[in-house]
Amino acid sequence: MYIEKLNTMKKTFKIGEYVIGGIIEVVIDKNVITINFRDMFGGTNKVLDTKSFAITDRNIERDILFYISDNGTSYYADKVLEYIKTKVEIPKLTQFGW
């Protein structure tokens with residue numbers, strides 16, 4: 001059972017040169033987590049890259065880590081995932097991943 005702690009939550013991580021655009025924005029809305037990479041250097045604050053993840057997906061933790069690591073660093077991927085885990089319960093993989 002997936003327990004939602006909040007209905008809608010938005011958090012902005014202003015990181016700088018370690019991720020594309022410099023800003024990671026996390027939006028948690030019911031059963032969907034959306035991660036946006038925003039441009040802080042061009043002054044437009046536009047979304048450069050975005051991806052949504054279903055909370056019921058078994059591989060959500062791995063997918064979020066890979067997505068942020070591909071567009072930034074594994075350190076910030078871990079920090080963002082820690083924040084997400086405090087706001088919503090996500091499923092754990094079995095020992096073998098199936």
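Does Asn71 count as buried or exposed, and at what relative accessibility? At 14% relative accessibility, Asn71 counts as buried, where buried means under 20% relative accessible area, exposed means over 50%, and partly exposed lies in between (1.4 Å probe, protein chains only).

This is a predicted model, in which local features need pLDDT of at least 70 and side-chain atom pairs count only at pLDDT 80 or more, while totals for chains, interfaces and linings use all residues. Residues are numbered from 1 along each chain as its sequence is written, and side-chain values use heavy atoms, with hydrogens and water left out.

## The surroundings of Asn71

Asn71 belongs to helix H1, which covers residues 60-71. Helices (H or I, at least four residues) and strands (E, at least two) are DSSP runs, numbered from the N terminus. When neighbours within four places in sequence are set aside, Asn71 is in contact with Val19, Ile20, Phe37 and Asp49; contact means heavy atoms within 4.5 Å.

## Salt bridges

The whole structure contains four salt bridges. A salt bridge is defined as a side-chain nitrogen of Lys or Arg within 4 Å of a carboxyl oxygen of Asp or Glu.

| Side chains | N to O distance |
|---|---|
| Lys10 and Glu25 | 3.2 Å |
| Arg38 and Glu25 | 3.2 Å |
| Asp63 and Arg62 | 3.3 Å |

The side chains of Lys10 and Glu25 meet in a salt bridge. Lys10 lies in strand S1 (residues 8-14) and Glu25 in strand S2 (residues 22-29), so this pair ties together parts that are 15 residues apart in sequence. Lys10 is exposed, with a relative accessible area of 54%, whereas Glu25 is buried, with a value of 5%.

Glu25 also meets the side chain of Arg38 in a salt bridge. This pair links distant parts of the chain, 13 residues apart, with Arg38 in strand S3 (residues 32-39) and Glu25 in strand S2. Arg38 counts as buried at 17% relative accessibility. Through salt bridges that share partners, Lys10, Glu25 and Arg38 are joined into one network.

In the salt bridge between Asp63 and Arg62, Arg62 is partly exposed, with a relative accessible area of 37%.

## Aromatic rings

Five aromatic pairs are present in the structure. Rings of Phe, Tyr and Trp (its six-membered ring) pair if their centres lie within 6.5 Å; planes under 30 degrees apart count as stacked, over 60 as edge-to-face and the rest as tilted.

One of these pairs consists of Phe37 and Tyr67, which are edge-to-face, at 5.5 Å centre to centre and with 65° between the planes. Phe37 lies in strand S3 and Tyr67 in helix H1, so the pair ties together parts that are 30 residues apart in sequence. Phe37 is buried at a relative accessible area of 0%, and Tyr67 is buried at 8%.

The rings of Tyr75 and Tyr76 have centres 5.0 Å apart and planes at 85°, so this pair is edge-to-face. Tyr76 counts as partly exposed at 22% relative accessibility. Ring pairs link Tyr18, Tyr75 and Tyr76 into a cluster.

Finally, the charged end of Lys11 sits over the ring of Phe13, 5.5 Å from its centre. A charge sits over a ring if NZ of Lys or CZ of Arg is within 6 Å of the ring centre and within 35 degrees of the ring normal.
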